[in-house]
Amino acid sequence: MPMPDKFAFVCINQRDPAHARPSCIHNGAGDVFNALREEQGRRLATGVKIVAGGCLEACMVGPVMVVYPDNVWYGGVTEDDVPAVMDHLEGGPVVDYLRIGDAEFDLRPPAE
Ligand code: FES
């Protein structure tokens, strides 16, 4: 099996639901991760590696993931978005409507 060309790191971080910052796992990241793995299997996409990861620091717009080596970040990803994300991972276009950037990293939880 060849080395992957692209990696998708999916935040599945979980913290106390009472914490001021939300956790991607509570926003459906587990379902997104599983759906990506299933879609990868259906497509036999051996050039792609889907990796479960920790907090990527854009918690306010989770579920969050990053595609490398493209350095493209996605937020608010749902299971419905998985085919488009997989298209990107297989060399297709970036999914612009999911894309996040510096502004989302500047978001902070409301004051307690
Ligand atoms: S908990 Fe997912 S980006 Fe922070």
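Predicted model: local features only at pLDDT ≥ 70, side-chain atom pairs only at ≥ 80, totals over all residues.
Is Arg43 buried, partly exposed or exposed? With a relative accessibility of 25%, Arg43 counts as partly exposed, because that label covers values from the 20% limit for buried up to the 50% limit for exposed.

Five strands make up an open sheet in the order E2-E1-E3-E4-E5, and the pairing is mixed. Strands E2 (48–53) and E5 (99–100) sit at the edges with a single partner strand each, so one side of each has no neighbour in the sheet. Further in, E3 (residues 65–68) and E4 (residues 72–74) run antiparallel and are joined by three bridges. If you want to find one of them, look for Met65, whose bridge partner in E4 is Tyr74.

Now for the helices. Helix H2 (residues 82–89) packs on the sheet, where it touches E1, E2, E3 and E4, and its direction makes about 145° with that of E1. Helix H1 (residues 29–43) lies across E1 (6–11), E2 and E3, and runs at about 160° to E2.

On to the charges. Side chains of opposite charge can pair when their charged atoms come close. The structure holds six salt bridges. One of them brings Asp70 and Lys6 together, at 2.8 Å from N to O. The two are 64 residues apart, with Asp70 in the loop between E3 and E4 and Lys6 in strand E1. Lys6 is buried, at 15% relative accessible area, while Asp70 is partly exposed at 29%.

Back to Arg43, then. Its side chain meets that of Asp87 in a salt bridge, again 2.8 Å from N to O. This links helix H1 to helix H2, as Arg43 and Asp87 are 44 residues apart. Asp87 is partly exposed, with a relative accessible area of 37%. Arg43 also has a salt bridge with Glu90, where the closest N and O atoms are 2.9 Å apart. Glu90 lies in the loop between H2 and E5, so this pair ties together parts 47 residues apart in sequence. Through shared partners, salt bridges join Glu39, Arg42, Arg43, Asp87 and Glu90 into one network.

Finally, take a look at Arg15, in the loop between E1 and H1. Arg15 is buried but has no salt bridge, and Glu57, the nearest side chain of opposite charge, is 5.9 Å away. Instead, the side chain of Arg15 reaches the backbone oxygen of Pro22 at 2.8 Å. Its contacts beyond four places in sequence include His26, Cys55 and Cys59.

Key
Residues numbered from 1 in each chain as written. Heavy atoms only, no water. Pairing = 2+ DSSP bridges. Helix = DSSP H or I, 4+ residues; strand = E, 2+ residues; numbered from the N terminus. Contact = heavy atoms within 4.5 Å. Axes fitted to C-alpha atoms, helices over the stretch in contact; angles between N-to-C directions. Buried < 20%, exposed > 50% of the residue type's maximum accessible area, 1.4 Å probe, protein only. Lys, Arg positive; Asp, Glu negative; His and termini not counted. Salt bridge = Lys/Arg side-chain N within 4 Å of Asp/Glu carboxyl O. Polar contact = N/O pair within 3.5 Å; in protein donor to acceptor, adjacent residues only side chain to side chain.
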